[in-house]
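Please walk through this protein model with its strands, helices and charged pairs in view.

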Amino acid sequence: MLVSYQMARDLHVPSWPAAAAVVALTAGCGPAAPPPSRGGARTVERVRSAMGSELRLTAWTADEAAADAAFEKVFAEFERLEALLSVWREGSDIQRLNQAAGDHPVPVSADVREVLTIAQQVSEWTDGRFDVTFGVLTDLWRFDHDQDDHIPDPGEVKRRLPLVNYRDLEVQAPGGTAFLRRKGMKVNLGGIGKGYAVDRAVSLLRRSGLRDFMIQAGGDLYVAGRKGDRAWRLGIQDPRGPANRSFASIELSDATFSTSGDYERSFLKDGRRYHHIIDLSVGEPARGCRSVTLVTDRAVIADALAKGVFILGPTAGMALIERTPGVQGVIVSARNEVLISSGLKERLTLLAPPTDAP
């Protein structure tokens, strides 16, 4: 399904430490939270910083103390995983993997092996558009805490592109090691690590006895159960609108909801928007989409796949969504068109046309 909101324009005229795809979305954008139930259930919410973004944990429960104890486990788990997955943490598994590139395999944790294996799978699905070995470009295109609004020398980008190839990453489960085959290669898990952490958090909260909760880490979100007497109502951020303005909403339960957009970490120069989602076929920010939102059951898949869909562009990206079991999505194209996958056409509510701007 495609809905165009740019007809008026067409009458005149014949993109960790933030993750690689940090976005904003509006959660609970519907009516105000329902009053406490007869059993005393109400919203309990805690917020901290984790993996370069705001980590917001919400539960609908009558036992605030139990929710707090469960939330502390999640905050600790995010910290543990960041120490393994981050390129910015001294001595992390990923730092050691990158330092040994082209030399020797290094022992890495089971978590890192799992993330790398899932990354390779998504790379296959997207024909390499999503590729965690993009790390060799991160000191040229700077969009983390070191963002400098600088367009790098195209010649230097071209020189490094051959070092980006997920097929040159080896993950050995029996030996517990990982290896980058060529010197100079670098892994960066900014586009998948946060989704993996959200999935781990879901497991922790369920084991702690919580049934109705929401986890939001940047653009990666999971909702379980219900908020009072209804499913969780979530909004999709207007890519060119003011902060916290949604152009569409959906009610979800026991599902993940992940958005990748070109608007959170970006800059404008000569009328063009430069952002952090890099098309590795050319070494420049992808230009076909403004945002991609995926709905599925695993945050790690949604986190990584949303970037691949974004880079593929609206036509090929929506085709990938439609043929991937258990995945649905919404794309806002660079032409400000809204594309909705077949499984969401009857579930998504369009609230207003997305704002049209560069």
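The paragraphs below turn to a strand, then a helix pair, then the salt bridges.

This is a predicted model, in which local features need pLDDT of at least 70 and side-chain atom pairs count only at pLDDT 80 or more, while totals for chains, interfaces and linings use all residues. Residues are numbered from 1 along each chain as its sequence is written, and side-chain values use heavy atoms, with hydrogens and water left out.

Helices (H or I, at least four residues) and strands (E, at least two) are DSSP runs numbered from the N terminus. Eight of the eight residues of strand E17 (residues 289–296) are buried, so E17 is largely enclosed by the rest of the structure; here buried means under 20% relative accessible area, exposed over 50% and partly exposed in between, with a 1.4 Å probe and protein chains only. Strand E12 (residues 255–261) pairs with E17 in the antiparallel sense over six bridges, where two strands pair if DSSP finds at least two bridges between them. Within that pairing, Ser-260 has Val-292 of E17 as its bridge partner. E17 also pairs with strand E18 (residues 328–333), in the antiparallel sense and over six bridges, and there Cys-289 stands opposite Ser-333 in E18.

Among the helices, the axes of H2 (residues 64–85) and H4 (residues 110–125) come within 10 Å and cross at roughly 70 degrees. That makes H2 roughly perpendicular to H4, a class that covers 65 to 115 degrees, with angles under 35 counted as roughly parallel, over 145 as roughly antiparallel and the rest as oblique. The axes are lines fitted to C-alpha atoms, for helices over the stretch in contact, and the angles run from 0 to 180 degrees between N-to-C directions.

The structure holds 28 salt bridges, each a side-chain nitrogen of Lys or Arg within 4 Å of a carboxyl oxygen of Asp or Glu. One of them joins Arg-200 and Glu-77, whose closest N and O atoms are 2.8 Å apart; this pair links distant parts of the chain, with Arg-200 in helix H6 (residues 193–207) and Glu-77 in helix H2, 123 residues apart. Arg-200 is partly exposed at a relative accessible area of 26%, whereas Glu-77 is buried at 9%.

Asp-144 and Arg-265 also meet through their side chains in a salt bridge (2.9 Å, N to O). Asp-144 lies in the loop between H4 and helix H5 (154–160) and Arg-265 in the loop between E12 and strand E13 (266–269), so the pair ties together parts that are 121 residues apart in sequence.
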